[in-house]
Amino acid sequence: METLFLEATYSGTVELCPETISYLTKKGYTKIGLYASVQFVGKLETVESQLNELGVTSVTSRPDRTHVKGQLLGCDNYHNSLNLDKDIQVYLYVGDGRFHPLALVYAQKDSNEMKEIICNDPINKRMVLMGIEDICTILKKYRGSLVKFFTAKMVGVLITIKPGQEQFKPALLLEKKYLDKRFYYFIDNVISFDQLENFNFIDVWVNTACPRVGFDDQEKFVRGVINLNDALSVEEILGKESVFNKKIQ
Amino acid sequence: MMLYDAEVQKVLDKIKESNAKTVCIQLPDGMKPYAKEIEEKIREETGARVLIWLGSNFGACDIPLGLNKMGVDLLVSWGHNIFHKKMEGW
């Protein structure tokens, strides 16, 4: 069976709204990181020339799982996933909704400082700012889950069978690193949140499906959940000087 | 007017080129209301049987499984492009 992907490019004009232009001017930003979701990423010419007129230099990158430069996926939400090696003062995201730009907030949680994210929505022609306050509640619970994992004896590892997600082999690193814990592996197509509590012997869950499940769906896990890559470096995460440790207690 | 370009002609061309007889269409939530329009266009223009994926379309990582067993020749998935999986994990 063949698969044809169609990007569903936005049919309208993609440009900076007056609110975004006046905010950029007011703040005096001169170097920004520019990203967009796939519906908008191929239509950024006007945005780039508007930035140019404002004297703002834009830089971008091709994050790990994307296909084109400047594209942002919700799952490229760890700092090293972005592959951005240049200094910037602020992020500018072009697109609608919260899912994609929140990846830029999560991506900075382990950094020393949080750069704000200016979201320019070309559909509704408005600007929204995002920062650590947007994910504080989730990160507080996430911290609790990290601490819980640290002492847990019985850990449930969630693996999904979708070809783009299946991460069974990387998950096996857990039992090599944590010899004092017993890992149970659970397999599913889409994570069945309503089934989790049937396995009442599990102290805490490790998510290997979409990494956004570990954050955005935190409330659905009564016993807590952390993502696989965080599970493999819990001590480092809790011990470093980061936005996560400075702002989330 | 649809906010996003569905590129239906590209789908029709692909079906004709590959001689697909059974096609599954997977739409993101925002485009699901247009399933009727797209299904009818494909059926009328190509004669292919169209199956509309009811479930999720979280990303290009979220491809329906088991379609081969249903004899599906072509899956058309909107709203994403090629996903580069990292084999070593997230």
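**Notes on the predicted model**

1. A:Ser192 sits in the loop that links β8 (182-188) and β9 (204-207) of chain A. The model is a predicted one, and this position should be read with that in mind. Is A:Ser192 buried or exposed? A:Ser192 counts as exposed because it has 11 other C-beta atoms within 10 Å, and the cut-off for exposed is 12 or fewer. As for its placement relative to another part of the chain, A:Ser192 and A:Val38 are 154 residues apart along the chain, and 28 Å separates their C-alpha atoms.

2. On the domains of chain A: the assignment gives domain 1 as 18-134 and domain 2 as 136-247. The C-alpha centres of domain 1 and domain 2 of chain A are 28 Å apart. In the contact, domain 1 of chain A takes part with 14 residues and domain 2 of chain A with 14 residues. On the domain 1 side of chain A, the residues that touch domain 2 divide into five nonpolar, five polar and four charged.

3. Chain A has an open sheet of five strands, in the order β3-β2-β4-β5-β6, and the pairing is mixed. Which strands form the edges? They are β3 (57-59) and β6 (126-130) of chain A, each of which pairs on one side only. With direction ignored, neighbouring strands of this sheet are turned by 30° against each other on average.

4. Strand β4 (residues 90-94) and strand β5 (residues 117-121) of chain A run parallel and are joined by four bridges. A:Tyr91 has A:Ile117 of β5(A) opposite it. As background, the strands of a sheet pair through backbone hydrogen bonds, and the pairing is either parallel or antiparallel.

5. Chain B contains two helices and three strands. Read from the N terminus, its elements follow the order α-β-α-β-β. The C-alpha trace of chain B spans about 45 × 35 × 20 Å along its principal axes. The radius of gyration of chain B is 14 Å, which agrees with a compact globule, because one of 90 residues would have a value near 12 Å.

6. Two further values describe the packing of chain B. Of the 90 residues in chain B, 33% are buried. Taking contacts in chain B between residues at least 6 apart in sequence, 68% join residues at least 24 apart.

7. How many residues of chain A are in contact with chain B? The contact has 34 residues of chain A and 39 residues of chain B. On the chain A side, the elements that give two or more residues are β1 (2-6), α2 (38-41) and α10 (228-231). Of these, β1(A) gives the most, with five residues. By residue class, the side of chain A that touches chain B divides into 18 nonpolar, eleven polar and five charged.

8. Strand pairing also crosses from one chain to the other. β1(A) and strand β3 (residues 74-78) of chain B run parallel, and five bridges join them. One of the pairs is A:Glu2 with B:Leu74, its bridge partner in β3(B). The strand that pairs with chain B here, β1(A), is also the element that gives the most to the side of chain A that touches chain B.

How values were computed:
Residues numbered from 1 in each chain as written. Chains lettered and ligands numbered in written order. Predicted model: local features only at pLDDT ≥ 70, side-chain atom pairs only at ≥ 80, totals over all residues. Pairing = 2+ DSSP bridges. Axes fitted to C-alpha atoms, helices over the stretch in contact; angles between N-to-C directions. Contact = placed C-beta atoms within 7 Å. Nonpolar A, V, L, I, M, F, W, Y, C, P; charged D, E, K, R; others polar. Rg over C-alpha atoms; globule rule 2.2 N^0.38 Å. Buried ≥ 20, exposed ≤ 12 C-beta atoms within 10 Å, placed from the backbone. Domains from an automatic or database assignment.
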